[in-house]
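Here are a few friendly notes to read with the model open beside you. Take them one at a time and find each element as you go.

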Amino acid sequence: MVFALCRVRCGFQRSLPSSHVVRRCLSTPASHPETVQLLGKEYPSDSHTNITPTVAEKLNRNLYLQSAHPLGILRSLIESHFTDFAALSGLSPLVTPGKNFDDLGFPLDHPGRALSDSYYINRDLMLRTHTSAHEVEVYARGERRWLLSADVYRRDEIDASHYPVFHQMEGARVFPASAAGVEELEDSNARLSEHLSKAHIVIEDVPHITPSNPAQPTHDPRTSSLVAQNLKLSLNSLMLALFGGRAGASEDPLRVRWIEAYFPFTSPSYEVEVFFHGKWLEILGCGVVQQQTLDRANVPNNVSWAFGLGLERIAMILFSIPDIRLFWSQDPRFLSQFAEGQITTFKPYSKHPPCYKDVSFWVPDGGLHDNDVFDLVRDIVGDVAEDVKLIDSFTHPKTNRTSRCYRINYRSMDRSLSNEEANVYQAGVLSRLQEKFGVEIR
């Protein structure tokens, strides 16, 4: 489910590899390519088209499928824990807005649909913003226990924990809404409870169902409670497998905390936190799947739980990786630190000094979204931009014009960056802001 807890090439112009080409004709404005070619196919563009070269070139990287990459290691560890679950991956990141939003009950005015939040190829095709875009089709296949891993895409800010491409894993288990399903749930819950009773773990639980976190009207409350219990036991076991023995002194038990939550696609819903290295960390969201999702997949008379987690978030915790950009590094000093099936602590190989540059401009009359600025910076300088922050914004009392000032921190992960190089990057950013958005530089 879409459980929201929830992220180099240098030079002025970032070109795409041959499989990711933006083609333009003379009559088409530069900001609106005539066609977009992605993953070997060509798609018409329109006023919705906002996919950027930086994002397009990531479509075939598949970091989560690399066995000795932190994301691939984590994915494999979770899949090996759920041994009887189907492990699904490799689904195309290009989906319809219907699959990404409508099938999951997103309202028409949900902010996630906005061009400022999501990447569109055209009004009828977009890059998935979550693994749940495939949920209905997976349920419709008849899968009863499954894990789905994929790369997902969202327009976002630039800092150490956000990136426009990241990776999610979604898991679900389906039970018949019948006496046989109740018996299956009770047997599974008994086995999981016995396993956890012998484990070095302390669980701070909440009631499965409450007035503020209710069972769905179409669900039998007892069955819903058993499903929620099975979800909790299954994820407590996963937390033990991932974090047990890594939380500090060996004599300290792993501490897991459950919190009531709200998600539009599950009820009851929960968040899971783990006490790790002296603080509580949000790990994932989960719940009992809304019945309309199963009905839409044409698998009625069933109930299901589901969870969703961000692979980067957990990998940064387990591997002590301080900056999300590092996952995309091809530097051997990064990649050589990891081996298939092993969780190891990342050792920083260099810490180059930052180089801050400010850019101030008058916002054009049509407005300008922060994410437009962030995407432009990424396209011009790539991952050399460590973070971009809005440090000042004011409206002139006489002209009513709005001014913004963004501070860009230029810092390479792999080498020292000279002030002269940073000036070249900065000049490219200023030039492109004027060209693309018509801003007036201050």
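1. Two strands are said to pair if DSSP finds at least two bridges between them. Strands (E, at least two residues) and helices (H or I, at least four) are DSSP runs, numbered from the N terminus. With that in hand, look for an open sheet of four strands in the order E16-E17-E15-E18, paired in the antiparallel sense. E16 and E18 (440-441) are the edge strands, each pairing on one side only.

2. A word on where this comes from. The model is predicted, and local features need pLDDT of at least 70, side-chain atom pairs count only at pLDDT 80 or more, and totals for chains, interfaces and linings use all residues. Residues are numbered from 1 along each chain as its sequence is written, and side-chain values use heavy atoms, with hydrogens and water left out.

3. Now the partners of E17. Strand E15 (residues 355-362) pairs with E17 over eight bridges, antiparallel, and strand E16 (residues 385-395) is joined to E17 by nine bridges, also antiparallel. Find Asn409 in E17: Tyr356 stands opposite Asn409, and Asp387 stands opposite Asn409 too. E16 and E17 form a hairpin with six residues between them, and Asn400 in the turn has a positive phi of about 60°.

4. Contact here means heavy atoms within 4.5 Å; axes are lines fitted to C-alpha atoms, for helices over the stretch in contact, and angles run from 0 to 180 degrees between N-to-C directions. Helix H10 (residues 370-381) packs on the sheet, touching E15, E16 and E17, and its direction makes about 35° with that of E17. Helix H11 (residues 419-437) lies across E15, E17 and E18, at about 20° to E15.

5. How do H10 and H11 pack against each other? Their axes are 10 Å apart, at an angle of about 130°. That makes H10 oblique to H11, given that angles under 35 degrees count as roughly parallel, over 145 as roughly antiparallel, 65 to 115 as roughly perpendicular and the rest as oblique. Among the residues that meet are Leu376 and Ile380 in H10, and Val429 and Leu433 in H11. By class, this contact of H10 with H11 has eight nonpolar, one polar and three charged residues. Here Ala, Val, Leu, Ile, Met, Phe, Trp, Tyr, Cys and Pro count as nonpolar, Asp, Glu, Lys and Arg as charged, and the others, Gly among them, as polar.

6. Another helix pair to find: the axes of H2 (residues 70-81) and H6 (residues 221-243) come within 10 Å and cross at roughly 130°. Leu74, Leu77, Ile78 and His81 in H2 meet Ser234, Ser237, Leu238, Ala241 and Leu242 in H6. The contact of H2 with H6 has six nonpolar, three polar and no charged residues.

7. Finally, is Tyr349 buried or partly exposed? Tyr349 is partly exposed, with a relative accessible area of 21%. You will find Tyr349 in the loop between helix H9 (332-335) and E15. Leaving out residues up to four places away in sequence, Tyr349 touches residues including Leu326, Phe334 and Met413.

Note on methods. Buried < 20%, exposed > 50% of the residue type's maximum accessible area, 1.4 Å probe, protein only.
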